[in-house]
Amino acid sequence: MLLSLLVLADAVGGNCGKAPTQALANACAERSWQVSDAAMTREWRATYAAMKARDANDTSRGGGFGFAAAALASQRAWLKLRDTQCVWEGGVYGGGSAQPLARFSCMERMTNERTRLLAELHRN
């Protein structure tokens, strides 16, 4: 049990490759993705609020562009893309024990990229 907790604690540092079993590596990768997803959710909330404020303050173009609506549509489409892409990447392992690791690693990678993009969008 202690070993499991230590491996999961390493997830924050991205050290899932050090797990002594595939099951622990999978659990570590899932936890690492969850940490990334929580960070993206915080960034999304800030970005969406910034887009709503931008719409409220934008009187050009006949009442505003619709930044919040565009952001929401983009985020929904991106979530579908990420989930589908990562199922595909995990599928390389064809139901094998490494499939969850591949899928969660993909989800973490793509989520971290999206978090950076969201931060750039609302800070500009």
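This is a predicted model: local features need pLDDT of at least 70, side-chain atom pairs count only at pLDDT 80 or more; totals for chains, interfaces and linings use all residues.
Of its 124 residues, 31% count as buried. Among contacts between residues at least 6 apart in sequence, 58% join residues at least 24 apart.

Helix 4 covers residues 99–123, which makes 25 residues, and spans 36 Å from first C-alpha to last, close to the 36 Å expected at 1.5 Å a residue. Its buried residues include Phe104, Met107, Met110, Leu118 and Ala119, but also Arg114 and His122. Helix 2 and helix 3 (67–91) are among the elements covering those buried residues.

Now for the charges. Side chains of opposite charge can pair when their charged atoms come close. A search of the whole structure turns up 4 salt bridges, and here are three of them:

| Salt bridge | N to O distance |
|---|---|
| Asp37 and Arg82 | 3.5 Å |
| Arg82 and Asp83 | 2.9 Å |
| Arg109 and Glu89 | 2.9 Å |

Arg82 is buried, with a relative accessible area of 4%, while Asp37 is partly exposed at 22% and Asp83 is partly exposed at 35%. Asp37 and Arg82 meet at 3.5 Å; since Asp37 belongs to helix 2 and Arg82 to helix 3, that pair links parts 45 residues apart in sequence.

Asp55 is another story. This residue lies in helix 2 (residues 22–57), and it is buried yet has no salt bridge. The nearest side chain of opposite charge is Arg54, 7.1 Å away, whereas a salt bridge needs the nitrogen and oxygen within 4 Å. So what does the side chain of Asp55 reach? It reaches the backbone nitrogen of Phe67 at 2.7 Å and the backbone nitrogen of Gly66 at 3.2 Å. Leaving aside neighbours within four places in sequence, Asp55 is in contact with Phe65, Gly66, Phe67 and Ala68.

Methods:
Residues are numbered from 1 along each chain as its sequence is written. Side-chain values use heavy atoms; hydrogens and water are left out. Helices (H or I, at least four residues) and strands (E, at least two) are DSSP runs, numbered from the N terminus. Buried means under 20% relative accessible area, exposed over 50%, partly exposed in between (1.4 Å probe, protein chains only). Lys and Arg count as positive and Asp and Glu as negative; His and the chain ends are not counted. A polar contact is a pair of N or O atoms within 3.5 Å; within protein, one must be able to donate a hydrogen and the other to accept it, and residues adjacent in sequence count only if both atoms are side-chain atoms. Contact means heavy atoms within 4.5 Å. The expected span of a helix is 1.5 Å times one less than its number of residues.
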